[in-house]
Amino acid sequence: MTLRHLTVFITVVDNGCSITKASEMLHIAQPSVSQTIAELEAQYGIKLFDRLNRHLYLTPQGEKLAGYARHLINGFTELDEMMKASTGTMPLRIGASFTTGTVLLPELLQKNSSLIAEVSVCNTGDIEHMLLTSRLDIAVVEGKIMSPDLLQIPLMRDELVFAASPHYTANGNPVFILREKGSGTRELSDAMLNAWSAKTKLQPVVWEMANTQTICAFAKAGQGTTIISRSLIRQELASGALIDTTPADKNVRNSGVRVFHLVYHKDKYIDGRMKQFIDSCKQK
């Protein structure tokens, strides 16, 4: 068994147990991927995948190997990155969800201007997956992280508010302009909206958008109410382009309180770059 065997196996697992997708990802022929999996199965006398209706499904033995294989591959990647980092050429791969990427990350990068950084901004679910598969070193997020393999350090408190143009008037059921499902903001927005709906007995119409700037533009144009981080709309609130329409009901307001977290894998090697970034975050 070699590192290549484990890398091919994990690539198959991470691509929906698809030999085709794994071969495309690895730039090798499909028969080579199949042969590598067959060699692993022969090595231990087990089946890593059940083959049903021309599709692969991970077996319990496969799940066990995947956990160990991922750990070993990540460890090798850590070693490789650590050695490259010692030459000062390896960027710190930093992730951020959309809100923290706007509110928090620019300031953190400014405080760490000596670091070579590579930044990815996407929703919290994608960030979590990238941390677990060693595609990111560290991240700042506003949403919930589910994996027990990821360490979370609280950084700062954030508050979601209802916001709308002062000229917006709902005709019939009110329109709420929200982030897409899978984002940390959307999860909290739904909690606030459910609390509001239970209180008012109204059934809102929900428009989904993945871009915060687009959401603000629609709200400022009087197309509906949004639920958004107060930090993101400070200028709009100050200018009067948007007004805070959050109900006084405590259940609604309390549902919108959250904490931004710094997140990284519990097995991550903390080199000098990581320590510098973590320390600067803790000083926030």
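User: Where is the place of Lys201?

Analyst: This is a predicted model, and in it Lys201 sits in the loop between α8 and β8 (205-208).

User: What makes Lys201 count as exposed?

Analyst: The cut-off for exposed is over 50% relative accessible area. Lys201 comes out at 66%, so that residue passes the mark.

User: And what is the phi of Lys201 near?

Analyst: Phi of Lys201 is near 65°, which is positive, and the residue is not a glycine. For background, most residues other than glycine have a negative phi.

User: Which loop holds His27, then?

Analyst: His27 is in the loop between α2 (19-26) and α3. Phi of His27 is also positive, near 60°. At 72% relative accessible area, His27 is exposed, because exposed begins over 50%.

User: Let's zoom out. How many helices and strands does the protein have?

Analyst: There are 12 helices and 11 strands. The C-alpha atoms fill a box of roughly 70 × 50 × 30 Å along the principal axes. Out of 284 residues, 46% count as buried.

User: What share of contacts joins residues at least 24 apart in sequence?

Analyst: Take the contacts between residues at least 6 apart in sequence: 71% of them join residues at least 24 apart.

User: Why are the buried residues of α7 said to line one face of the helix?

Analyst: Start with the list: in α7 (residues 124-132), Thr124, Ile127, Glu128, Met130 and Leu131 are buried. Looking down the axis of α7, these buried residues stay within an arc of 165°, so they line one face. They pack against several elements, including β3 (92-96), β4 (117-121) and β11 (257-265).

User: What happens at the start of α7, and what follows the helix?

Analyst: At the start, a side-chain oxygen of Asn123 comes to within 3.1 Å of the backbone nitrogen of Gly125. After α7 comes Ser134, with a positive phi near 60°.

User: What puts the buried residues of α9 on the same side?

Analyst: The buried residues in α9 (residues 212-220) are Thr212, Ile215, Cys216 and Ala219. Their arc around the axis is only 100°, which is why they end up on the same side of α9. Their packing partners are β6 (150-164), β7 (175-178) and β9 (225-229).

User: Which residue reaches Gln213 at the start of α9?

Analyst: Asn211 does: one of its side-chain oxygens gets to within 2.8 Å of the backbone nitrogen of Gln213. Just after α9, Gly222 has a positive phi of about 80°.

User: How many salt bridges does a search of the whole structure find?

Analyst: The search finds 18. As a general point, side chains of opposite charge can pair when their charged atoms come close.

User: How do you know that Arg51 and Glu41 form a salt bridge?

Analyst: The cut-off is a side-chain nitrogen of Lys or Arg within 4 Å of a carboxyl oxygen of Asp or Glu. For Arg51 and Glu41, the closest N and O atoms are 3.6 Å apart, so the pair qualifies. Arg51 is in strand β1 (residues 49-52) and Glu41 in helix α3 (residues 30-44), 10 residues apart.

User: Which of the two is buried and which is partly exposed?

Analyst: Buried means under 20%. Glu41 has 7%, so Glu41 is buried. Arg51, at 47%, counts as partly exposed, because that class runs between the buried and exposed cut-offs.

User: Are Arg273 and Asp271 buried or exposed?

Analyst: Both are buried. Their salt bridge has its closest N and O atoms 2.7 Å apart.

User: Which residues are linked in a network of salt bridges?

Analyst: Glu159, Arg230, Asp244 and Arg253 are.

Terms used: Residues numbered from 1 in each chain as written. Heavy atoms only, no water. Buried < 20%, exposed > 50% of the residue type's maximum accessible area, 1.4 Å probe, protein only. Helix = DSSP H or I, 4+ residues; strand = E, 2+ residues; numbered from the N terminus. Arc of directions from axis to C-beta. Contact = heavy atoms within 4.5 Å. Polar contact = N/O pair within 3.5 Å; in protein donor to acceptor, adjacent residues only side chain to side chain.
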